[in-house]
Amino acid sequence: METPGAPFPQLLFFNSLADADQKNMLVAISCNRKAKELITPRIARQLFEELEGKTSGQLGIFIADEVMKFNEMAMNMSEPKARALALDYGDHFESLFALALSECSEALKQRTHIFRWNEIETAELLDKTRTVEDMYDTQPQVRQMMDVAAAKLLAWRCPDVTPSPRRLRAILDFIFREVPIVGAWGPPLHVRNIPWHGLIYPAINPRGMNVITGLIAELDEWMGKTMRHVLVMHIAQEGSVY
């Protein structure tokens, strides 16, 4: 479902959360080379201008750094090196968005929080992650669905590599951690004692979220349907989106 007339072309993948414009929203920032190239200081400021009107609730700028190591591991990078690179990206984006926020209104500053993966990976999220992993291990149909999703993500993110069990496992490890956040099954995740009800994703390419949300819709059969809000804001290139 497209939202016409917005500065950033937008796609609503899920829109069943009542009063979403008053709820607390996570804003997920992917940490990778392409995002670093395209999310410039000007784009970060534009994002805040757009986000200010999305909800009157709290905004959580969620720098998804360490979890992105799995994408690099799928490209044959060692875990220590992939983690170090992901954390370097995290440092960059934390500084970038802190600077952009410093130029925003005081009202927006008061309800905006910037945090990284080490804060969102709480015991609560780890429990949800283990639930998804257990489903993968014990439910053949779930395993098949998630293997298909992992193969699609690997083909799009790493088009020059040959699929292998090790590379697919790296992508699966990423999916196990992303799906509970986007799926929003059960009570809302809490970070800094704030419940987070929905997700906004400024995406360089929304294909990955299309795969994840499709998988989540299938997993609802096992996890139970829930009220969720997932909005993608499509960033195409520095200075413009299409």
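Axes are lines fitted to C-alpha atoms, for helices over the stretch in contact, and angles between N-to-C directions run from 0 to 180 degrees. Helices (H or I, at least four residues) and strands (E, at least two) are DSSP runs numbered from the N terminus. The model is predicted: local features need pLDDT of at least 70, side-chain atom pairs count only at pLDDT 80 or more, and totals for chains, interfaces and linings use all residues. Residues are numbered from 1 along each chain as its sequence is written, and side-chain values use heavy atoms, with hydrogens and water left out.

Helix α8 (residues 140-157) and helix α9 (residues 165-183) have axes that come within 9 Å and cross at roughly 110°. That makes α8 roughly perpendicular to α9 (under 35 degrees counts as roughly parallel, over 145 as roughly antiparallel, 65 to 115 as roughly perpendicular and the rest as oblique). In the contact (heavy atoms within 4.5 Å), residues of α8 including Met-146, Ala-150, Leu-153 and Arg-157 meet residues of α9, among them Arg-167, Leu-168, Ile-171 and Phe-174. The residues of this contact of α8 with α9 comprise 12 nonpolar, no polar and 3 charged; Ala, Val, Leu, Ile, Met, Phe, Trp, Tyr, Cys and Pro count as nonpolar, Asp, Glu, Lys and Arg as charged, and the others, Gly among them, as polar.

The axes of helix α7 (residues 123-138) and α8 come within 5 Å, crossing at roughly 110°. The two helices α7 and α8 are therefore roughly perpendicular to each other. Val-132, Met-135, Tyr-136, Asp-137 and Thr-138 of α7 make the contact with Pro-140, Val-142, Arg-143, Met-146 and Asp-147 of α8. Of the residues in the contact of α7 with α8, 6 are nonpolar, 1 is polar and 3 are charged.

Pockets were located on a 1 Å grid over the protein atoms alone, a pocket being an open set of points where a 1.4 Å probe fits, with protein on both sides within 12 Å along at least five of seven lines; lining residues have an atom within 4 Å of a point. Grid points are joined across faces, edges and corners, and a volume is the space filled by probe spheres set on the points. The largest pocket has a volume of about 960 Å³. Its lining holds 39 residues, with Ser-30, Asn-32, Lys-34, Asn-71 and Arg-157 nearest the centre. By class, the lining of the largest pocket divides into 27 nonpolar, 5 polar and 7 charged residues, and the largest share, 5 residues, comes from α9.

The second largest pocket contains about 200 Å³ of space. It is lined by 21 residues, the closest to its centre being Ile-181, Ala-184, Pro-188, Trp-196 and His-197. The largest share of the lining of the second largest pocket, 3 residues, again comes from α9.
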